[in-house]
Amino acid sequence: MRNAYISALYELADTNKQIYALVSDNGAIVYDKYRESFPERFINFGIAEANMISIAAGLAACGKIPFTYTISTFLTMRAFEQIRNDVCMQKMNVKIVGIGAGFVYSNLGPTHHSVEDIALMRVLPNMVIFSPADQLESRKMTFASAKIEGPVYLRLATGGTPDVYKDDYDFEVGRGVTLKEGSDVTVIGTGGIMYDALQAVEELGVQGISVRLVNIHTIKPIDKEIILKAAYETQAIITVEEHSIAGGLGGSAAEILLENNKTPLLFKRMGLDNVFPSGYGTYGEMKEINGLSKDDIVNQVKNIYQRKKIELKGL
Amino acid sequence: MVNLEEKAKEIRRLIFQTICDGGGGHIAASLSIVEILTVLYYGNILMVNPGNPTDPERDRFVLSKGHACVTLYVILADKGFFNKEHLATFGSSNTILGGHPDMHKVPGVEATTGALGHGFPFGVGMALAGKLDKKNYKVFVVLGDGECQEGSIWEAAMFAPHHKLDNLTAIIDYNKIQAMDHIDNIVSLGEIVDKWKAFGWEVMEVCGHDISQLQSAFKKLPFSTGKPSLIIADTIKGKGVSFMEHSPIWHYRMHNDEEMKIACDELGIDYSG
């Protein structure tokens, strides 16, 4: 995802001289080509995220389009008030690109695991939030970010996440994608974990459970209709995210469902429940330790499907 | 040519009246920066045009200590950025003039400030943009001395000399008092001149209420080619109202009727009760 982002940024910078890459001492090697081609439009702020965001806002006030970039936790948390006041409140055309979504920085430990960032960015007025599932979406979202005149948070995984999309598709800001149709249960997910969700849903299909899979690539503004439709048609929803279950995708879905009086029979949020990420190891191991592996998704879907059958019998 | 001494007196009167009309505000902090802003706006230092407040070539002024915004409001109104009648609405429900300045509401306000430690790096960004675009505009930022306790000030203070932003001038309103007490009783700034010099700034100290010292400092800008300039303006918080001067309790306090009479008398306002 990161590489897709940087190559798209390179193309954008090649045609739009107002685009600047701002980093907070992160991006060795991956930015090399960009730095060689546009040295005057690459600024390394050193280890000073808050300063990077405020200065980016000042640059944007003078017509620049800064794409600020570093590890998501440092960017969205250390510089939160700068993002709130200097970028969102003043509607500055600054892009916040956080890398290391969820547990991607697996063995680096919980200081580097970004599992509250969606909640933080989601409460900010004027902010658009993109959470790509793979390289293709990452590329599309980078171009979409440049077209939006205002704040955008782009939540990226880091290295090579497997592709979710086999073919190109028409990306539209704020419009979720049904990756697979299904009628028994709907899994709604976002980000790199969509690949695990896709594997889980395919396995469940083999076992005779028809699972709909919805990818919410734009968390704000969110596609309410696709969520409400899933609630109405499948009556059982599970949200999956590498994030706290508070305030993220699951929180958003819960708010939409309740406020629109279309609550499904059953609703479950998968993610971190009031805990920091546990363990070290590989990215895959991290997902297992924290209850977000493919098998965990399979088990949660089976569980909710059984409960749905019991509930329906009772009606 | 505007008589700057007289103008400063007029601004002080307007600040006091505006805050009284609004029923509250940061009077003492606003009075502290009167001469600094008077010289900037009326002394041919800050080149801005009320008729075209977003001219890309204009100089930029950022009030990083946003709580002193009434001084800025009064001057912008007086200069014609917006109708003076707005001043009487300060702090009311439908006003454009809140207790901290909003760049989307007030013509001539370049940055929404209020949370300390934001306006200064925002201004550094504007200065950097000017250098990148090879434009000639200058950027002026007024920051509070208490504000220098914020870490973000020092991140930006390190950044600006590295990028040789000699189109940038920071002015510290050095009144030595913060919200709760004298700065030295809370967390001292220590050797403030040496600190900024060590960060790579060219520093000049002036009396922040002395028009001619301020003029002379501003005319020397940039103090050194290739370096950002810092003016440490020695000021008195509450300047012009004797009982507010040097007194920390007046950071956000309103006077009673008796004090009102004294303040009006000292500022030259006709007090009618």
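Select Thr178(A) and look across to S9(A), where Val214(A) is its bridge partner. Helices (H or I, at least four residues) and strands (E, at least two) are DSSP runs, numbered from the N terminus. This is a predicted model, in which local features need pLDDT of at least 70 and side-chain atom pairs count only at pLDDT 80 or more, while totals for chains, interfaces and linings use all residues. Residues are numbered from 1 along each chain as its sequence is written, and chains are lettered from A and ligands numbered from 1 in the order in which they are written.

Two strands pair if DSSP finds at least two bridges between them.

Now show the whole open sheet, five strands in the order S7-S9-S8-S11-S12 of chain A, with mixed pairing. Which strands stand at the edges? They are S7 (177–180) and S12 (266–272) of chain A, each with a single partner strand, so one side of each has no neighbour in the sheet.

Contact means C-beta atoms, placed from the backbone, within 7 Å. Angles run from 0 to 180 degrees between N-to-C directions, with axes fitted to C-alpha atoms, for helices over the stretch in contact. Helix H9 (residues 224–234) of chain A lies across S7, S8, S9 and S11 of chain A, at about 160° to S8(A).

Next, colour chain A by domain: domain 1 is 2–156 and domain 2 is 177–314, with bounds from an automatic or database domain assignment. Their contact takes 23 residues from domain 1 of chain A and 30 residues from domain 2 of chain A.

Move to the chain contact, where 16 residues of chain B meet 19 residues of chain A. On the chain B side, H5(B) gives the most, with eight residues.

Finish on H1 (residues 4–22) and H3 (residues 34–42) of chain B, which pack at about 120° with axes 9 Å apart. The two helices are therefore oblique to each other (under 35 degrees is roughly parallel, over 145 roughly antiparallel, 65 to 115 roughly perpendicular, the rest oblique). Residues to select here include Leu4(B) and Ile11(B) in H1(B), and Val34(B) and Tyr42(B) in H3(B).

Terms used. Contact = placed C-beta atoms within 7 Å.
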